[in-house]
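Here is a short briefing to read alongside the model. Have the sequence and the coordinates open as you go through the points.

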Amino acid sequence: MAAPVMDEYLVEPRTAWVRRIRDEIILPRREHAANLPITRAIREGRATPAEIVERALIPTLWRICRFPELIAALASRCPTHDWERKTSLLHNAFEEAEHPFLLARCIRALGGDPDPVLRGDPDAYRPSTEQLARRDWMTYIVYHRPWIEGVAAVQVAVEAIVPYAHKPQWDGLREHYGLSDDDLAWFAIHAGEVEMRHGNEGILILEQYVADDDLALQHRLRYIIDYVTSPWLAGAATAGSYS
Ligand SMILES: [Fe+2]
Ligand SMILES: [Fe+2]
């Protein structure tokens, strides 16, 4: 496998059970994520702009249109008196509302049209049955299961991996496709410090809220993180599962 994609950005877990989740799930799967065929092709300048739009950016845009409301739900379900976490999640949710529009800039710069997806046009993008099921499952976890399960599904399983997954795309788009910082604003956030903070916050919340001897809950959260990140496993991570 290639050299490390970027310097380590994840916090060092305090507990053995979270360390195992990092070592056995997050680290190997983010490596797969950074080496998806479409991501490698972007990094090396081999993908056409149309392929990048169709195989990477439009599927991502379709998925992240749900993110503002998912983060807002996590904020609203955060324990009432945990002001620090609640404030941070509300802030994230507000920022998140702009992210689909930032990614839309990149799609336009590559000659694509993000507007049908932004409008929710049902013909704009045709997700696979698995993609739809996974999106609905994520929505169910965040809205209907205990708050900590939503934190594991979104902040740990997605946000802790996203910087690593998107860094090669960011580098490739800048180097080979002539995109400006303005076109790449979505990548600066999601392969940069903002998303690193979101993922690390998720890890810290797990360690703050799950008792060291609550093995049943630890097992449940590990299952959730394993399930959400499983498309990254070799072979299953086709374009559009995650990008
Ligand atoms: Fe975002
Ligand atoms: Fe985020």
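The face of H13 turned away from its buried side carries the exposed residues Leu215, Ala216, His219 and Tyr223. Helices (H or I, at least four residues) are DSSP runs, numbered from the N terminus.

This is a predicted model, in which local features need pLDDT of at least 70 and side-chain atom pairs count only at pLDDT 80 or more, while totals for chains, interfaces and linings use all residues. Residues are numbered from 1 along each chain as its sequence is written, and chains are lettered from A and ligands numbered from 1 in the order in which they are written.

**More on H13**

- Helix H13 spans residues 215-229, 15 residues in all. From its first C-alpha to its last it reaches 21 Å, close to the 21 Å expected at 1.5 Å a residue (the expected span is 1.5 Å times one less than the number of residues).
- The buried residues of H13 are Gln218, Leu221, Ile224, Ile225, Val228 and Thr229. They lie on the same side of H13 because they cover an arc of only 125° around the axis, the arc being that of the directions from the helix axis to the C-beta atoms.
- The cover over these buried residues includes helices H1 (16-34), H8 (129-144), H9 (147-156) and H12 (193-209).

**Helix H9 and its partner H8**

- H9 is mostly covered, with seven of its ten residues buried: Gly150, Val151, Ala152, Ala153, Val154, Gln155 and Val156.
- Those buried residues pack against helix H4 (67-77), H8, H12 and H13.
- How do two packed helices get described? The angle between their axes and the distance between the axes are used.
- The axes of H8 and H9 come within 7 Å and cross at roughly 145°. Axes are lines fitted to C-alpha atoms, for helices over the stretch in contact, and angles run from 0 to 180 degrees between N-to-C directions.
- At this meeting, Met138, Ile141 and Val142 in H8 face Glu149, Gly150, Ala153 and Val154 in H9 as contacts (two residues are in contact if their C-beta atoms, placed from the backbone, lie within 7 Å).
- Trp147 also belongs to H9. Trp147 is partly exposed, with 18 other C-beta atoms within 10 Å.
- Not counting residues up to four places away in sequence, Trp147 touches Leu74, Arg77 and Cys78. The C-alpha atoms of Trp147 and Ser76 are separated by 9.5 Å, although the two are 71 residues apart along the chain.

**The nonpolar core**

- The largest nonpolar core has 61 residues, and those with the most contacts inside it are Leu57, Ala152, Ala153, Leu206 and Ile225. Such a core is a set of buried Ala, Val, Leu, Ile, Met, Phe, Trp, Tyr and Cys residues joined through C-beta atoms within 7 Å.
- Helix H3 (residues 49-64) supplies the largest share of this core, eight residues.
- Leaving aside neighbours within four places in sequence, Leu57 is in contact with Ile52, Leu103, Cys106, Ile107 and Gly112.

**Two loop residues**

- Tyr177 sits in the loop between helix H10 (162-176) and helix H11 (185-190), and touches Pro49 and Leu110, not counting residues up to four places away in sequence.
- Asn35 lies in the loop between H1 and helix H2 (37-43). Asn35 and Trp232 are 197 residues apart in sequence and 9.6 Å apart in space, C-alpha to C-alpha.

Note on methods: Buried ≥ 20, exposed ≤ 12 C-beta atoms within 10 Å, placed from the backbone.
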